[in-house]
Amino acid sequence: MVSARDTSTVLLGTALLHVRDHAGCMQQVRALIDSGSQISVMSTSCVERLGLRRVKWTAPLTGVSGVAVSNVDGLVKCIIAPRYDDHRIHVSAWILPKITGNMPICPLAPQVKQHFSHLALADPGFDRSDPIDLLLGADVYSQVMNGKRIVINHSLPAAFGSLFGWIIIGPVQGSVSQSFQSNVVSLTISLETIIQRFWQVEEPDEVPDTFTKDGQCESIYISERTRDSTGRFVVPLPFLNEHRSETFPGSRQIAVRRFQNLEKKLQDNDTLGQAYRQFMHEYESLGHMSIAPCPGSYFIPHHPVFKGSPTSSKIRVVFDASATASNKLSLNQCLHTGPKLQQDIIDILLRFRVHKYTFTADVCKMYRQILVHQQYRSFHT
């Protein structure tokens with residue numbers, strides 16, 4: 001970080017986007033778009049929240065003035081997408097404990113945001129000083145930016161078009177800032193590190209005894225888990241202690257607005273609309289979905305995902321519990337999360353060599369065979 005007295009705040013481009021977590025669900029993160037970085041970077045806290053698998057091997061990183069970047073936690077591969085689009089981008093990001101300070105450094109005057117109110121902003125809260133979860137560098141910059149630019153007047157920053165919406169970049173005159181943030185990062189790989197990686201033997205991670213700091217998630221499961229008359233497990237939602245009484249105001253309005261956008265999309269594509277209705281009908285006929293007997297506490301938006309076209313591939317409906325309510329909280333943020341507990345596929349394949357006979361089985365709609373306790377179903381409306 002380089003510090004200097006100045007009479008203006010310089011905005012770096014930020015965007016809210018979705019990143020696929022370990023369960024295949026899309027979660028919202030705040031990203032910094034920076035063409036001055038050779039690589040993309042994700043914060044350690046974001047990797048843990050998403051439950052992404054990290055690669056242990058690292059290569060040296062250098063920052064401003066060639067200073068080495070320490071505490072590199074490895075490499076993670078993820079999939080990012082706009083909040084209201086199905087476009088997907090594969091990103092390889094290095095993991096650092098902290099990417100940069102809050103952006104912007106200080107909150108902006110309300111009238112600055114008002115000048116851009118007519119644009120679909122990539123980060124509606126660009127004027128608020130909030131942390132950065134992800135840095136998208138020059139490795140994906142060309143896939144993100146579309147070359148469009150809007151200048152309202154020279155005393156305001158400019159708006160640049162991107163896959164995620166309009167990104168606001170530039171100086172804000174009249175705002176006092178005591179420091180500037182620079183995020184130039186370069187990747188250097190030496191022959192020694194390549195040889196070290198070649199000879200390094202990676203041991204699989206051991207399954208932890210407790211995957212929450214104080215075993216809170218396990219205690220919730222043990223105390224509230226039951227089985228019904230058919231033998232199915234009935235489980236609670238593992239709420240964090242500080243969010244057990246959360247109400248999620250405004251989540252219904254957000255879900256309704258996204259559903260109306262989805263309806264327009266389904267009306268324009270008869271094949272997709274028919275496949276979507278068939279999926280929902282099956283969901284209800286199997287008893288995996290029913291009419292809510294009481295008002296919901298949290299409403300989950302949903303949208304279809306498919307490869308190629310809906311005529312050539314089976315659609316999958318994604319329920320987005322990372323959608324934030326008016327209090328800036330989502331259901332996913334209020335629940336305990338943990339690391340991957342299943343074994344690596346390499347270990348499973350190696351065990352096939354031990355015995356003479358093996359067999360495999362597929363549990364139909366496995367995750368739907370586990371029921372949610374009645375008192376928590378209002379959060380799955």
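Visitor: Which residues lie nearest the centre of the second largest pocket, and how many residues line it?

Guide: This is a predicted model. In it, 44 residues line the second largest pocket, and those nearest its centre are Leu-16, Gln-28, Arg-83, Thr-324 and Lys-328. The volume of this pocket is about 1100 Å³. Strand S2 (14-20), strand S3 (26-33), helix H1 (44-50) and helix H6 (251-268) each contribute at least two residues to the lining.

Visitor: How is the lining of the second largest pocket divided into nonpolar, polar and charged residues?

Guide: The lining holds 15 nonpolar, 15 polar and 14 charged residues.

Visitor: Why is Ser-330 called buried?

Guide: The label buried requires a relative accessible area under 20%. Ser-330 has a relative accessible area of 1%, and therefore it is buried. As to its place in the chain, Ser-330 belongs to the loop between strand S17 (316-319) and helix H8 (345-351).

Visitor: Which residues is Ser-330 in contact with, leaving aside its neighbours within four places in sequence?

Guide: With those neighbours left aside, Ser-330 is in contact with Phe-248, Tyr-298, Ala-321, Ser-322, Ala-323 and Thr-324. A contact here means heavy atoms within 4.5 Å. Thr-324 is also one of the residues nearest the centre of the second largest pocket.

Visitor: Why is Ile-89 counted as buried?

Guide: The cut-off is again a relative accessible area under 20%. Ile-89 has 1% relative accessibility, so it counts as buried. Ile-89 is part of strand S8. Leaving aside neighbours within four places in sequence, its contacts are Cys-78, Ile-79, Ile-80, Val-140, Gln-143, Val-144 and Leu-163.

Visitor: What makes both faces of strand S4 covered?

Guide: Ser-40 and Met-42 on one side of S4 (residues 40-43) are buried, as are Val-41 and Ser-43 on the other.

Visitor: How do you know that S4 is paired with S8, and in which sense do they run, parallel or antiparallel?

Guide: Pairing calls for at least two bridges between two strands. Four bridges join S4 to strand S8 (residues 89-96), and the two run parallel. Within this pair, Ser-40 stands opposite Ala-93. S4 is also joined to strand S9 (residues 134-136), by two bridges and in the antiparallel sense. There, Met-42 has Leu-134 opposite it.

Visitor: Why are S14 and S18 said to stand at the edges of their sheet?

Guide: The sheet is open, with three strands in the order S14-S15-S18 and mixed pairing. Strand S14 (226-227) and strand S18 (371-372) each have a single partner strand, so one side of each has no neighbour in the sheet. S14 and strand S15 (residues 233-235) are paired antiparallel over two bridges, and Thr-226 has Val-234 as its bridge partner.

Visitor: How many cavities of 30 Å³ or more does a search of the whole structure find?

Guide: The search finds one. The largest cavity has a volume of about 50 Å³. Its lining is formed by Leu-11, Leu-12, Thr-14, Met-103, Pro-104, Phe-126 and Ile-168. By class, six of these are nonpolar, one is polar and none is charged.

Key: Residues numbered from 1 in each chain as written. Predicted model: local features only at pLDDT ≥ 70, side-chain atom pairs only at ≥ 80, totals over all residues. Heavy atoms only, no water. 1 Å grid on protein atoms, 1.4 Å probe; cavity = no way out; pocket = protein on both sides within 12 Å on 5 of 7 lines; lining within 4 Å. Points joined across faces, edges and corners; volume = space filled by probe spheres on them. Nonpolar A, V, L, I, M, F, W, Y, C, P; charged D, E, K, R; others polar. Buried < 20%, exposed > 50% of the residue type's maximum accessible area, 1.4 Å probe, protein only.
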